[in-house]
Amino acid sequence: AAQAARAAAEAGGGQHMFFDAAHNVQARERVLLETELRQAIQTGQLCLHYQPKVDVRSGRIVGAEALVRWSHPQRGLIPPGHFIPLAEESGLIGPLTDWVLHAACGSLRRWADAGLPELPLSVNLPASSLADERLLDQLAALMQRYRLRPSNLMLELTETMLMRDIGAAIGVLERLRDQGYGLALDDFGTGYSSLNYLKRLPVSELKIDRAFVIDVARGGRDGALAAAVITLGRELGLQVVAEGVETEEQSEFLRGRGCVLQQGYLHSRPVAQGEFEAMMRSQAASSAP
Ligand code: C2E
Ligand code: MG
Ligand code: MG
Ligand code: MG
């Protein structure tokens, strides 16, 4: 910013003022959004949408990912990409994650009470969560309060966040795994984790990032990479899930390489709670004896 300001100053005073004004608007917008987000967390403006994870062999839903949304009174439904980074920078990510975990566990309890089949629910954890000593205690308290088992939850972490302090991360992950939580490495392939670390990470699932799925059926390099990741995951004994599957062609390619667990618009977009419950109910009905 300092460099940009200097460049603007060199280009003339007027431009400098313009730059400052634009910068100011941005900063004010941020503060406003931050204040609103704090209120949103407290007043129930957040909600979870659920995206099914499908086994393409049977076409059945075998799990789901909870994805947070902000239902803003004026701006409408705001996707997480617009407020998670802000939450991470402003210290709101802690309360936000608390809310997400409560909501996810509350839903699992609700589904169990409604007699719906038990499906593991994946929840995204922010980069800061593994550094927080309270995570294990917090999860244990949630399991007790909502009468759940750790295996009902799959915690999604990105490699970028794990690589920040790999030694500490492995320690926390091992304790989580020992407690019985599922652990998934999200956005796999977009970070910098070496294969050497991958071998040491106690995760149970690899999620192949959408970036590798996009070109998969065109015979390009991504196809080769996706195929290699699938093989790698299998060799390591991990469950491999492809993210962002949008076309039959992509789905078939991945399936042909042994990746039968898929998430993406082809199978279903993330849907609101009621719609997801209806999907589970109709699936349960179709398998009734
Ligand atoms: P992610 O965990 O990798 O989630 C997958 C994203 O891909 C979701 O975006 C989902 O809606 C989108 N997606 C799924 N299938 C398709 C497809 O076929 N095509 C395309 N183009 N997109 C697809 P969403 O919901 O906007 O979430 C974006 C990211 O925000 C997530 O990426 C995750 O990193 C983060 N996030 C979401 N919910 C939470 C949360 O509760 N806590 C935290 N800390 N982060 C979250
Ligand atoms: Mg995820
Ligand atoms: Mg992902
Ligand atoms: Mg992602």
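Predicted model: local features only at pLDDT ≥ 70, side-chain atom pairs only at ≥ 80, totals over all residues.
1. **H4 and H5: geometry.** Helix H4 spans residues 93-113. Its axis comes within 10 Å of the axis of H5, and the two cross at roughly 30°. Angles under 35 degrees count as roughly parallel, so H4 is roughly parallel to H5. The crossing of H4 and H5 is right-handed.

2. **H4 and H5: residues.** From H4, the contact takes in Asp98, Leu101, His102 and Cys105. They meet Gln138, Leu139, Leu142, Met143 and Arg145 in H5. Sorted by class, this contact has five nonpolar, two polar and two charged residues.

3. **H5 and H7: geometry.** Helix H5 covers residues 135-145, and helix H7 covers residues 166-179. Their axes come within 11 Å and cross at roughly 20°. H5 and H7 are therefore roughly parallel to each other. Their crossing is right-handed.

4. **H5 and H7: residues.** On the H5 side are Leu135, Leu136 and Leu139. On the H7 side are Arg175, Leu176 and Gln179. The class count for H5 with H7 is four nonpolar, one polar and one charged residues. Note Leu139 of H5: it meets H7, and it also takes part in the contact with H4.

5. **H4 and H12: geometry.** Helix H12 runs over residues 273-286. The axes of H4 and H12 come within 12 Å and cross at roughly 40°. The crossing of H4 and H12 is right-handed.

6. **H4 and H12: residues.** Ser107, Arg110 and Trp111 represent H4 in this contact. Their partners in H12 are Gln273, Phe276, Glu277 and Met280. By class, the contact of H4 with H12 has three nonpolar, two polar and two charged residues.

7. **Ligand 1: surroundings.** How many residues surround ligand 1? There are 22. The closest are Arg69, Asn124, Asp186, Glu246 and Tyr265.

8. **Ligand 1: nitrogen atoms.** Glu246, one of the closest residues, places a polar side-chain atom 2.5 Å from a nitrogen atom of ligand 1. Val68 uses its backbone: an N or O atom there lies 3.2 Å from a nitrogen atom of ligand 1.

9. **Ligand 1: an oxygen atom.** Which residue has a polar side-chain atom 3.0 Å from an oxygen atom of ligand 1? That residue is Glu65.

Key
Residues numbered from 1 in each chain as written. Chains lettered and ligands numbered in written order. Heavy atoms only, no water. Axes fitted to C-alpha atoms, helices over the stretch in contact; angles between N-to-C directions. Helix = DSSP H or I, 4+ residues; strand = E, 2+ residues; numbered from the N terminus. Parallel < 35°, antiparallel > 145°, perpendicular 65-115°, else oblique. Left-handed = near helix turned anticlockwise from the far one by under 90°. Contact = heavy atoms within 4.5 Å. Nonpolar A, V, L, I, M, F, W, Y, C, P; charged D, E, K, R; others polar. Near = heavy atom within 4 Å. Polar contact = N/O pair within 3.5 Å; in protein donor to acceptor, adjacent residues only side chain to side chain.
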